[in-house]
Amino acid sequence: KAMGVEQPKTIFAHGFWLSGETKMSKSFGNVVNPLDLARVYGVDAFRYFLMREMTLGQDASYSEGSFVVRYNSDLANDLGNLLSRVMKMVISYTDGKIPSPGESDDSDKELQQRAGALIQSIRQKVESYSLSQAVESILELVRATNRYVELNRPWDLAKNNNTERLNSVLYNAAESLRISSILLSPIMPGKCKKIRGQLGLDIDTEVNLESCGWGGLKPGLEVIPGDGLFPRVQKPKAASPETKKAEDTRIEYDDFAKLKLKTAKVISAEKVEGADKLLKLQIDLGGEQRQIVAGVAQYYTPEQMVGKTLVIIVNLKPAKIRGVESDGMLLAAKSGKELVLLSTDTDIPPGAKIS
């Protein structure tokens, strides 16, 4: 302002990264070091997870297990597998060179139209900060290309000497890969350069949305096969901070005694505006009323919460979640995609001490 520079009209702030369902905190010992994970799984894969998993403006949850699932599903099974099979078929069926496509049939046109529509929508999604949706849209093109390959069965086309149709299928699959690699470049620059390099393209050529038009892959390019882009992860290659912390989880009684647990009855519940996972609860602690923000909206409706007698930690320092004050924490048990709040099965009054 002192230099007379125009002030920004918009400042966009992302949400918190949670460890499981809990905010990362040094006092809890659940802080994750991103550099450790990048060294184990690669920078590009970790960047992909962060951009795909967080809806900007809302909190997002990280665990090494969820990372491995996303990595194997999106990157190894979908993108990496598509590149591998296209490379193998081009080498086997067209002497290692990108073939010239023939006349397009309905499945070709559908794939081309999907790619064209995607290019148009990416700019809008980025400008509206819908980055996770943009990434998912690109992966939908990758999945559609895998389905296109399965539908057209180039191995049968080669067996039946249907060369013209085989050339079209392989060209379209390779061209879809080229476009996908350009759109994913801002997130995975290193891996996307490798995709374009395997397709025979100059990896030093600058790419942008304008270079995504269908037909940019020139027939006759010689493919350069490489190692698997995203080898499947069977188990963590190195102990994560979470794993190290779990090696000895026993605590002294004095540590446990610091926590004060009480029963609380939910008086009212409503969704937190702009947050899909959060509910704002008014609770009765036996003569004392408090407000708690809990990430349980995926599992319980506001109507289901009202009247429940729950177990809460009452002596945590208040915190603001999405600008809403939360004074306490609910206890819950989670297994896979199921979450159950800890509640009493007897008619015990609110405010009862749990020991």
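Which helix lies across S1 and S3? In this predicted model, that is helix H2 (residues 43-53), and its direction makes an angle of about 145° with S3.

S1 and S3 belong to an open sheet of 3 strands, arranged in the order S2-S1-S3 with mixed pairing. At the edges sit S2 and S3, each of which pairs on one side only. S1 and S2 pair in the antiparallel sense over 2 bridges, and across this pairing Leu 18 stands opposite Lys 23 in S2.

| Strand | Residues |
|---|---|
| S1 | 17-19 |
| S2 | 22-23 |
| S3 | 60-62 |

On the H4 side, the residues making the contact include Leu 111, Ala 115, Leu 118 and Ile 122, while H7 contributes, among others, Arg 165, Asn 172, Ile 179 and Leu 183. Sorted by class, this contact has 7 nonpolar, 5 polar and 2 charged residues.

**The whole chain**

Stepping back, you will find 11 helices and 13 strands in the protein chain. Its radius of gyration is 26 Å, well over the 20 Å that the globule rule gives for 355 residues, so the chain is more spread out than a compact globule. The C-alpha trace spans about 80 × 55 × 40 Å along its principal axes. Buried residues account for 41% of the 355 residues. Of the contacts between residues at least 6 apart in sequence, 69% join residues at least 24 apart.

Technical notes:
Residues numbered from 1 in each chain as written. Predicted model: local features only at pLDDT ≥ 70, side-chain atom pairs only at ≥ 80, totals over all residues. Heavy atoms only, no water. Pairing = 2+ DSSP bridges. Helix = DSSP H or I, 4+ residues; strand = E, 2+ residues; numbered from the N terminus. Contact = heavy atoms within 4.5 Å. Axes fitted to C-alpha atoms, helices over the stretch in contact; angles between N-to-C directions. Nonpolar A, V, L, I, M, F, W, Y, C, P; charged D, E, K, R; others polar. Rg over C-alpha atoms; globule rule 2.2 N^0.38 Å. Buried < 20%, exposed > 50% of the residue type's maximum accessible area, 1.4 Å probe, protein only.
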